[in-house]
Amino acid sequence: MMQNLTVLGSTGTIGVNTLDVVARHPDRYRVFALTGHSQIDVLAGQCRQFNPVYAVVPDDVMADRLSASLTNTNCRTRILTGISGLETVAGHPETDSVMCAIVGAAGLAPALAAAKTGKRILLANKETLVMAGHLFMQAVADGGATLLPIDSEHNAIFQSLPVNYAGNPQAVGVRRIMLTASGGPFRSKPVAELAQVTPEQACAHPNWVMGRKISVDSATMMNKGLEVIEARWLFNVQPEQIQVVIHPQSVIHSMVDYWDGSVIAELGNPDMRTPIAQALAWPDRIDSGVSPLDLFGQQLTFEQPDLQRFPCLQLAFTALAQGGMFATALNAANEVAVAAFLARQIRFDQIAEINKTVMNLAATQDARTLGALIEADALAREQATHLIAQWTGKD
Ligand code: NAD
Ligand code: MG
């Protein structure tokens with residue numbers, strides 16, 4: 001049956017990969033809506049190719065630009081703006097599936113709209129679960145939505161768990177989840193040199209081509225920390241049931257360890273089109289365009305993560321142990337810190353310092369309303385910004 005698909009963040013790495021898979025299967029998927037933030041030319045090209053019913057941009061200026069580049073084409077796309085535009089297309093009655101591929105906390109509101117309206121949600125935006133795990137999972141349950149993870153590790157775990165896993169690891173004999181991590185570009189760089197690394201070095205990931213924010217997160221291993229929190233919510237496991245394993249080749253995308261000693265893994269080439277195609281077609285299988293895995297000549301190796309080198313990974317476990325607003329604050333502080341690092345305002349090693357300082361200021365009571373979470377997010381951003389201004393002498 002034809003699926004109407006909305007791609008939130010279609011101009012990003014995940015968005016572009018999603019459209020690559022979709023273009024291979026015009027008989028299965030119809031692009032209903034696309035959204036972009038700054039790369040209006042890319043969005044215009046996508047609109048010309050897929051002729052969606054809607055496109056969403058941040059404001060009227062961008063809407064005029066998009067509209068101008070679509071005149072004299074066959075494209076009949078209607079243009080919406082802002083967060084309300086994102087929520088409209090995510091929750092639209094004609095949308096069947098929503099790919100949530102906006103980066104950062106900006107992805108939360110439309111993901112919630114998709115959850116409340118019972119969509120099939122393809123979740124790449126891990127920040128949604130880090131910032132608002134409890135609230136989001138509740139909205140998915142209440143709205144009757146289907147949640148399919150796109151993050152390659154979580155997609156691998158999803159595939160390695162029994163079909164119809166209902167969030168009870170004990171009931172199906174799961175001992176642990178083994179979350180693999182490449183270790184990023186600085187896995188073996190002397191720790192003393194980490195203070196000097198540049199945004200270009202941090203964004204040059206050895207195995208995956210990704211957006212700049214997640215690339216820096218991979219270099220600090222904050223990404224793996226965010227993924228630990230993501231796994232806690234997606235699969236309802238305790239933090240002590242999650243083991244992080246450094247596996248530099250990124251061939252094993254993660255594993256589930258069962259009480260009988262069986263370990264089930266998903267393997268493949270590191271290409272996000274595999275989890276995207278898996279989630280798009282689930283429970284069917286479709287061609288993703290990814291070349292078959294060639295195991296000959298490969299060496300698969302494993303190491304324990306070094307928490308001295310990667311303090312951000314420890315912060316995520318602390319955030320889970322503390323509960324309350326810790327994860328929300330950690331996520332917000334990290335977004336501000338990574339942006340400052342990319343703008344060359346702070347050093348690489350200062351990202352972890354900002355994250356730690358701001359997270360430790362967070363409230364220990366749980367927030368069960370969106371308003372409280374948004375407030376905690378804003379407060380943490382303010383604290384991080386203030387800290388950076390102090391350090392850079394701009395206060
Ligand atoms: P990206 O930077 O390449 O793309 C981000 C997208 O979000 C773009 O379309 C951009 O226009 C949009 N966007 C940015 N700010 C926005 C805002 N304020 N409002 C609305 N839209 C906005 O990022 P990416 O690498 O594609 O990652 C997207 C998400 O998927 C992230 O949450 C990331 O953690 C997750 N993810 C990515 C990968 C990967 O391989 N790239 C793997 C796993 C998970
Ligand atoms: Mg991942």
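This is a predicted model: local features need pLDDT of at least 70, side-chain atom pairs count only at pLDDT 80 or more; totals for chains, interfaces and linings use all residues.

Tutor: We'll go through the overall fold, the metal site, some salt bridges and a few local features.

Student: How many helices and strands does the chain have?

Tutor: Helices (H or I, at least four residues) and strands (E, at least two) are DSSP runs, numbered from the N terminus. Here you get 15 helices and 11 strands. The radius of gyration is 20 Å, close to the 21 Å that the globule rule gives for 395 residues, so the chain is as compact as a globular protein of that length. That radius is taken over C-alpha atoms, and the rule is 2.2 Å times the number of residues to the power 0.38. Along the principal axes, the C-alpha atoms fill a box of roughly 55 × 55 × 45 Å.

Student: Now the metal. Which residues are the protein donors of the magnesium ion (ligand 2)?

Tutor: Donors are N, O and S atoms within 2.8 Å of the metal (3.2 Å for Na, K and Ca); water is not among the atoms, so sites may look incomplete. For this ion they are D151 (OD), E153 (OE) and E227 (OE), at 2.1 to 2.2 Å. Their spacing along the chain reads D-x1-E-x73-E. Distant parts of the chain are linked here: D151 sits in the loop between β7 (146-149) and α7 (152-160), and E227 in helix α10 (residues 222-235), 76 residues apart. Both are buried, D151 at 8% relative accessibility and E227 at 0%.

Student: Which residues are linked with D151 in a network of salt bridges?

Tutor: Side chains of opposite charge can pair when their charged atoms come close. The test for a salt bridge is a side-chain nitrogen of Lys or Arg within 4 Å of a carboxyl oxygen of Asp or Glu. In this network, K126, D151, E153, K224 and E227 are linked. A search of the whole structure finds 18 salt bridges.

Student: Where else could I look for one?

Tutor: R24 forms a salt bridge with D20, the closest N and O atoms being 3.0 Å apart. R273 also meets D20 in a salt bridge (3.2 Å, N to O). D20 is partly exposed, at 29% relative accessible area, whereas R273 is buried, at 14%.

Now compare D377 and R381, whose side chains meet at 2.7 Å, N to O. Both lie in helix α15 (residues 370-391), 4 residues apart, about one turn of the helix. D377 is buried at 9% relative accessibility, and R381 is partly exposed at 22%.

Student: What about the backbone: which peptide bond is cis, with omega near 5°?

Tutor: Look at the bond from W282 to P283. P283 lies in the loop between α11 and α12.

Student: And phi? Is N72 buried or exposed?

Tutor: Phi is another backbone angle to check. N72 has a positive phi of about 60° although it is not a glycine. It lies in the loop between α3 (60-70) and β4 (78-81), and N72 counts as exposed, at 82% relative accessibility. S254 has a positive phi too, near 155°, but S254 is in strand β10 (residues 252-258) and is buried, with a relative accessible area of 0%.

Student: Last one: what does E266 touch?

Tutor: Contact means heavy atoms within 4.5 Å. Leaving aside neighbours within four places in sequence, the contacts of E266 include S254, H253 and Q159. E266 and Q159 are 107 residues apart in sequence, yet 7.0 Å apart in space, C-alpha to C-alpha. E266 itself is in strand β11 (residues 263-267) and is buried, at 10% relative accessible area.

Methods
Residues are numbered from 1 along each chain as its sequence is written. Chains are lettered from A and ligands numbered from 1 in the order in which they are written. Side-chain values use heavy atoms; hydrogens and water are left out. Buried means under 20% relative accessible area, exposed over 50%, partly exposed in between (1.4 Å probe, protein chains only).
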